[in-house]
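Please walk me through this structure, helix by helix and contact by contact. Keep the terms defined as you go.

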Amino acid sequence: MTQIFEYYNYRFFLRDYFESKRNTGERISHRKVLQEMGVTSTGFLANVINGRKNLNASHIFKLSRVMRLAKQEARYFEALVYFGQSRNADEKSKYFLRMAGLREPTLKSQEEAKFRVYSKWFNLAIRELLGFYRFKGDYETLAKALMPTIKPYQAESAIADLTTLKLIQKDANNNYRKKDTSVTENPEVQSILDSNFQEAMLDLAKQTSRHFEKEEYVSAANTYSFSVKAYEKVKNEILQLQKNLAKLAKEDQKSDRVYQINVQLFPLSKKQ
């Protein structure tokens, strides 16, 4: 039986569900399921699985019943569908947390930790800080080491979540240290984590831009017009810059401060 709690994409779940049923010799078809759902369009399920059609609340309820999902599974399936069909980050965040709450306790705590880590600017800042800063548990001092400063309870929460995700660990001297690991996710989850992180950093940039000397703060905002071909070149330049900066940070053995770099490229007019 396909385990629904392993999925973040309901279309993949439906695809694998029917495939697993066929592999076990159980007689089940799209046509039979659609008949039980009361749907007359014979190609409806195929179109849903292929991404050409969406499910509404009635479809979700009827499909859950036809697939004989348990109560917890049916609630997860509903959240999974709405997560996949949400059009904005706020909605996706809501259903991501709902899905996390329905998973088994260990996975639930990890999912919620991921969401928190990527929703507040100071979490990954603290992780980078621990690459060179000695910290044994003085949360008040750690909180004051950031700019802007945060509350000690926020620093403590960050350490707990980063530890849960194995992004930091204690060394032989009982100091917390940054680990050279990363949170890898499937595209559906990574997109919401990235979106939350970028939004948090943009908010921070607006708050802090006026509090630094020119020597410490570099800002550039320009507006250009490009062809599609030139746009692709600009996009590749930004991606290459990101790789170059990551390489430079990795090779730097004398880090003594944490910095944030934001680069955005987005359209300001419709295609002509």
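E251 and K247 both lie in helix α12 (residues 228–251), four residues apart, which is about one turn of the helix. Helices here are DSSP runs of H or I with at least four residues, strands are runs of E with at least two, and both are numbered from the N terminus. The side chains of E251 and K247 meet in a salt bridge of 2.7 Å, N to O. A salt bridge is a side-chain nitrogen of Lys or Arg within 4 Å of a carboxyl oxygen of Asp or Glu. E251 is partly exposed, at 47% relative accessibility. Buried means under 20% relative accessible area, exposed means over 50%, and partly exposed lies in between (1.4 Å probe, protein chains only).

A word on the basis of these values. The model is predicted, so local features need pLDDT of at least 70 and side-chain atom pairs count only at pLDDT 80 or more, while totals for chains, interfaces and linings use all residues. Residues are numbered from 1 along each chain as its sequence is written, and side-chain values use heavy atoms, with hydrogens and water left out.

Back to the charges. The structure holds 12 salt bridges. Another one sits in helix α11 (residues 187–208), where K206 and D203 lie three residues apart, about one turn of the helix. Their side chains meet at 3.7 Å, N to O. K206 is exposed, at 58% relative accessibility. D203 is partly exposed, at 34%. R15 and D16 also form a salt bridge, at 2.9 Å, N to O. R15 has a relative accessible area of 41% and is partly exposed. D16 is partly exposed too, at 23%.

Which residues do salt bridges with shared partners join into one network? They are R103, E111 and K114. K114 belongs to helix α7 (residues 105–117). Its relative accessibility is 11%, so K114 counts as buried. The side chains of K114 and E111 are also joined by a polar contact of 2.8 Å. A polar contact is a pair of N or O atoms within 3.5 Å; within protein, one must be able to donate a hydrogen and the other to accept it, and residues adjacent in sequence count only if both atoms are side-chain atoms.

Now the rings. The structure holds 13 aromatic pairs. One of them is F13 with Y17, a tilted pair at 6.1 Å centre to centre, with 40° between the planes. Rings of Phe, Tyr and Trp (its six-membered ring) pair if their centres lie within 6.5 Å; planes under 30 degrees apart count as stacked, over 60 as edge-to-face and the rest as tilted. F13 and Y17 are four residues apart in helix α1 (residues 10–23), so about one helical turn separates them. F13 is buried, at 0% relative accessibility. Y17 is buried as well, at 3%. Ring pairs link Y7, F13, Y17, F18 and F77 into a cluster.

A ring can also meet a charge. The charged end of K92 sits over the ring of F83, 4.5 Å from its centre. This label requires NZ of Lys or CZ of Arg within 6 Å of the ring centre and within 35 degrees of the ring normal.

N9 is buried, at 16% relative accessibility. A polar atom of its side chain lies 2.9 Å from the backbone nitrogen of R11. Leaving out residues up to four places away in sequence, N9 touches L80 and E188. Contact means heavy atoms within 4.5 Å. N9 and M37 are 28 residues apart in sequence and 21 Å apart in space, C-alpha to C-alpha.

Last, helix α4 (residues 57–66). Its buried residues are H59, I60, L63, S64 and V66. Seen down the axis of α4, they fall within an arc of 160°, so they line one face of the helix. The arc is that of the directions from the helix axis to the C-beta atoms. What do the buried residues of α4 pack against? They pack against α1, α2 (30–37), α3 (44–49) and α5 (71–85). The face turned away from the buried side carries the exposed residues F61 and R65. At the start of α4, a side-chain oxygen of N56 reaches to within 3.0 Å of the backbone nitrogen of S58. Just after α4, R68 takes a positive phi of about 55°.
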